[in-house]
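Dear colleague,

Please find the structure below, handed over for your own work. A short account of the findings follows it.

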Amino acid sequence: MIRKFKSSDIDAIMQIWIEENINAHSFISKEYWGKNYDYVKSVLPNAEIYVYTNNNEISGFIGLNSRYIEGIFVKSGSQNKGCGTALLNKAKHKNTQLTLNVYEKNLKAFNFYKKNGFKIMEENIDSETKEKEYLMMWKK
């Protein structure tokens, strides 16, 4: 089930955020994510967030800032079971166009977005991590 974020969800989604960033981005130091944890926790509630629950447990979430996907995060044990696709489809249903940035080395995420109709619009270097990333766009 997908529902809107509640303030009581913050600790659960931040746990998913930190674990899955570390898992998906082995090419970026764990310290980078740790240094950004408090900042993300403070600004995350300003985004439009939807959580995916299974038996009242949060399995994943998507954060939107207007038509920009800040991120889709799914717990390791819940990946490849439709959670991320359901969250992305929720965003697609609400919008006619979406954009996001994804690291070139995050092949799993890049391939997920490509499979779901996103196209590369630009290649950039992330100023903080110095990693190559793609700006991708989906249009209805």
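Does Tyr134 count as buried or exposed, and at what relative accessibility? With a relative accessibility of 10%, Tyr134 counts as buried, where buried means under 20% relative accessible area and exposed over 50%, with partly exposed in between (1.4 Å probe, protein chains only).

Please note that this is a predicted model, in which local features need pLDDT of at least 70 and side-chain atom pairs count only at pLDDT 80 or more, while totals for chains, interfaces and linings use all residues. Residues are numbered from 1 along each chain as its sequence is written, and side-chain values use heavy atoms, leaving out hydrogens and water.

The search of the whole structure returned 8 aromatic pairs; rings of Phe, Tyr and Trp (its six-membered ring) pair if their centres lie within 6.5 Å, and planes under 30 degrees apart count as stacked, over 60 as edge-to-face and the rest as tilted. Among them, Phe110 and Tyr134 form a tilted pair, because their centres are 5.2 Å apart and their planes stand at 45 degrees. Phe110 belongs to helix 4 (residues 107–115) and Tyr134 to strand 7, so this pair ties together parts that are 24 residues apart in sequence. Helices (H or I, at least four residues) and strands (E, at least two) are DSSP runs, numbered from the N terminus. Phe110 is buried, at 11% relative accessible area.

Tyr134 is also the bridge partner of Val102. Strand 5 and strand 7 (residues 132–139) run antiparallel, joined by 7 bridges; strands pair if DSSP finds at least two bridges between them.

Yours sincerely
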